Amino acid sequence: MTDTTTTEAAEMATAAPLEIPVLEMRHVSAAYGPFRALFDVSLSVGEGETVALLGRNGAGKTTVARVASGLVAPTEGEVMVDGNDFTGVRAHRYAKAGVVHVPEGRAVFPDFSVEENLTLAFSRTHDRSGVRDALGRAFELFPPIAQRRGQIAGTLSGGEQRMLAMARVLVETPRLLIADELSLGLAPIVTDEVYAVLTRIRDAGTALLIVEQHIGHALALCDRAILLAHGAITWKGPSPEAAQAVGASLFDSS
Ligand SMILES: Nc1ncnc2c1ncn2[C@@H]1O[C@H](COP(=O)(O)OP(=O)(O)O)[C@@H](O)[C@H]1O
Ligand SMILES: [Mg+2]
């Protein structure tokens, strides 16, 4: 009740603004030519936070991932990265700001070796000695990939290709990793391995936006969930409530 306390309280109120999210989408709509894929989507991912983005095939999950990493520009609304306006900014600037995207499917060059795939990816942002260091870190983080550094990427198993795709973007600890359907087409035991890597990445402080149809893994990993249907958000909440809130509709489709 002294003056000091009052002053301290006032200082705290002004000196501690609300935490700025790593990623914020505000009222985003997006389209492919005349086809409207997203309608008024608002979401945010805070520092170190983990969010699962769920929904049936065609719901717009990949489009959200593309908008969130600068691959698709919104037709309406804004995208903020660390509080800065990134609307319409190119994808490489998102990557530079630490927002990285592991796309759907086998995002590797199938005719190049594992090491060539990584060297190509790292050369875009590193000089020769930087590439060497980055290769060392990638092989440390993904031992199965290190054992196959000379192997042609197209001959890797599905799980190994996903790990290579992750290794390409994980050379610096990202602020936010957006991963699109990492479990698609993988055997359950391989999905477990891929999710074990995601867990390590989360524990190192990287925020995650995990796009999945395989909702069990995503909900186990993530704090919060967002459900998308027909290009719009239909539910948001804590992961433990998600299975009940959205489960029936999603489990039906898997
Ligand atoms: N490049 C594209 N050109 C035209 N339409 C697209 C393109 N990509 C996706 N779409 C359409 O946008 C909608 C949402 O797709 P998408 O974001 O890939 O959904 P999800 O990842 O949830 O399966 C779908 O109807 C899909 O056919
Ligand atoms: Mg998709």
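Trainee: Let me start with a spot I clicked on. Is Gly 185 buried, partly exposed or exposed?
Mentor: Gly 185 counts as partly exposed, because it has 13 C-beta neighbours inside 10 Å. Keep in mind that this is a predicted model.

Trainee: Where does Gly 185 sit?
Mentor: In the loop between strand 7 (176-180) and helix 8 (188-203). Gly 185 and Gly 105 are 80 residues apart along the chain, yet 9.1 Å separates their C-alpha atoms.

Trainee: Is Glu 181 buried or exposed?
Mentor: Glu 181 counts as buried, because it has 22 C-beta neighbours inside 10 Å.

Trainee: Where is Asp 82, and what is its phi?
Mentor: Asp 82 is in the loop between strand 4 (76-81) and strand 5 (84-85). Its phi is near 50 degrees, a positive value in a residue other than glycine. Asp 82 is partly exposed, because 16 other C-beta atoms lie within 10 Å.

Trainee: Back to helix 8. How many residues does it have?
Mentor: Helix 8 has 16 residues. From first C-alpha to last it reaches 22 Å, close to the 22 Å expected at 1.5 Å a residue.

Trainee: Which residues of helix 8 are buried?
Mentor: Thr 191, Val 194, Tyr 195, Leu 198 and Ile 201. They cover an arc of only 105 degrees around the axis, so they sit on the same side of helix 8.

Trainee: And which are exposed on the other side of helix 8?
Mentor: Ile 189, Ala 196, Arg 200 and Asp 203.

Trainee: What do the buried residues of helix 8 pack against?
Mentor: They pack against helix 7, strand 7, strand 8 (207-212) and helix 9 (215-221). After helix 8 comes Gly 205, with a positive phi near 105 degrees.

Trainee: Let's switch to helix 5. Which of its residues are buried?
Mentor: Ala 134, Leu 135 and Ala 138 are buried in helix 5. They cover an arc of only 105 degrees around the axis, which puts them on the same side of helix 5. On the other side, Ser 129, Arg 132, Asp 133, Gly 136 and Glu 140 are exposed.

Trainee: What do the buried ones in helix 5 pack against?
Mentor: Helix 4 (114-123), helix 6 (143-146) and helix 7 (158-169).

Trainee: New topic: the ligand. Which residues are around ligand 1?
Mentor: Among them are Tyr 32, Phe 35, Asn 57, Lys 61 and Thr 62. The shell divides into four nonpolar, six polar and one charged.

Trainee: Which element gives the most to that shell around ligand 1?
Mentor: Helix 2, with three residues. Strand 2 (35-45) and helix 2 (61-68) each supply at least two.

Trainee: Last one, the whole protein. How many helices and strands are there?
Mentor: Ten helices and ten strands. Buried residues make up 40% of the 254 residues. Of the contacts between residues at least 6 apart in sequence, 65% join residues at least 24 apart.

Conventions. Residues numbered from 1 in each chain as written. Chains lettered and ligands numbered in written order. Predicted model: local features only at pLDDT ≥ 70, side-chain atom pairs only at ≥ 80, totals over all residues. Near = placed C-beta within 6 Å. Helix = DSSP H or I, 4+ residues; strand = E, 2+ residues; numbered from the N terminus. Nonpolar A, V, L, I, M, F, W, Y, C, P; charged D, E, K, R; others polar. Buried ≥ 20, exposed ≤ 12 C-beta atoms within 10 Å, placed from the backbone. Contact = placed C-beta atoms within 7 Å. Arc of directions from axis to C-beta. Expected span 1.5 Å × (residues − 1).
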